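Please keep the sequence and the coordinates at hand while reading.

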Amino acid sequence: MIEVRPAVTGDAAELLRMRLALWPDYDDHGPPPLGVLVAVDDSGAAIGFAELSIRNCVEGCQTDRVGFLEGWYVDPQARRLGAGRALVKAAEQWASARGCVEFGSDAVLDNEISRAAHLALGFEETELIRCFKKVLEPIGAFTPQPAAATRNGSTISNRSMPSSDVIPVLAYRDVREAAAWLCRAFGFVERLRIFDHRIQLHAGSGHLVVTDGGGAAPGGYSTMVRVAGIDAHYARAKANGAKIISEPDDYPFGERQYSAEDVAGHRWTFSQSIADVDPAVWGGVLLE
């Protein structure tokens with residue numbers, strides 16, 4: 001019987017073996033995937049895996065939050081036993097639990113085996129594309145900077161931050177109790193647990209944050225908004241009369257943020273991702 005489960009630390013060696021079988025030039029120094037599933041046989045041996053992400057643009061899809069099958073592999077001796085189908089089914093459930101209503105994948109143009117396998121599992125072929133690249137010569141003294149160092153460019157992905165642009169932050173007396181109730185009552189799913197004072201939740205295709213109210217009466221809240229070019233955003237807000245609570249500053253979880261109050265006293269935190277930071281580095285526990 002084939003079982004599919006989330007990957008654990010003990011799977012590292014087998015995952016490396018299978019990744020190298022799928023991608024001979026695989027380099028394990030890149031950013032980790034958002035999700036990894038492992039297929040095991042009756043003896044508990046790993047025989048396949050799936051790497052998963054959520055993309056905001058996928059050819060042929062209509063939504064901006066699409067579950068994506070980044071990698072899909074089954075050992076040759078274990079093929080045609082249902083492991084590949086089981087991995088894809090579990091991957092679809094993973095994406096659905098995170099608010100996705102579409103699921104995508106891809107394959108190189110001449111991989112007819114992969115094409116046939118996708119079609120057999122209900123995928124619809126959308127587009128055939130060729131990808132190109134070109135190396136550009138630096139102009140003058142300009143030195144390209146990594147995207148993580150950008151202050152005024154587009155928002156980048158950061159594992160320590162939800163992907164939504166607008167994120168309500170709700171205060172409760174007991175963070176864990178409140179998060180558990182919200183998950184039971186409203187079907188939310190925990191994304192990231194930050195010690196005992198803050199929990200990020202999936203809410204369909206959106207997100208919210210449950211935070212410690214410090215023993216105060218419940219009902220306190222603020223709104224977090226992800227922006228690009230935060231320093232220009234700060235200057236504009238200040239020029240238009242926003243009451244600045246905290247100046248723009250860089251934080252160890254990979255965000256540059258400032259806080260302000262609007263004309264009615266509502267509190268807002270504006271945030272730009274400046275690095276992709278593993279939550280484990282600063283004490284967070286990623287649950288997806």
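A polar atom of the Arg 65 side chain lies 2.8 Å from the backbone oxygen of Arg 98. The side chain of Arg 65 also makes a polar contact with the side chain of His 202, at 3.5 Å; a polar contact is a pair of N or O atoms within 3.5 Å, where, within protein, one must be able to donate a hydrogen and the other to accept it, and residues adjacent in sequence count only if both atoms are side-chain atoms. The model is predicted, so local features need pLDDT of at least 70 and side-chain atom pairs count only at pLDDT 80 or more, while totals for chains, interfaces and linings use all residues. Residues are numbered from 1 along each chain as its sequence is written, and side-chain values use heavy atoms, with hydrogens and water left out.

Arg 65 sits in the loop between strand 3 (46-55) and strand 4 (66-74); strands are DSSP runs of E with at least two residues, helices runs of H or I with at least four, both numbered from the N terminus. Arg 65 is buried, with a relative accessible area of 7%; buried means under 20%, exposed over 50% and partly exposed in between, for a 1.4 Å probe and protein chains only.

Helix 2 comprises residues 83-97. Its buried residues include Leu 87, Val 88 and Trp 94. The buried residues of helix 2 pack against strand 1 (3-6), strand 2 (35-40), strand 3, strand 4 and strand 5 (103-105), contact meaning heavy atoms within 4.5 Å. Arg 85, Lys 89 and Gln 93 are exposed on the other side of helix 2. After helix 2 comes Gly 99, with a positive phi near 85°.

How values were computed
Expected span 1.5 Å × (residues − 1).
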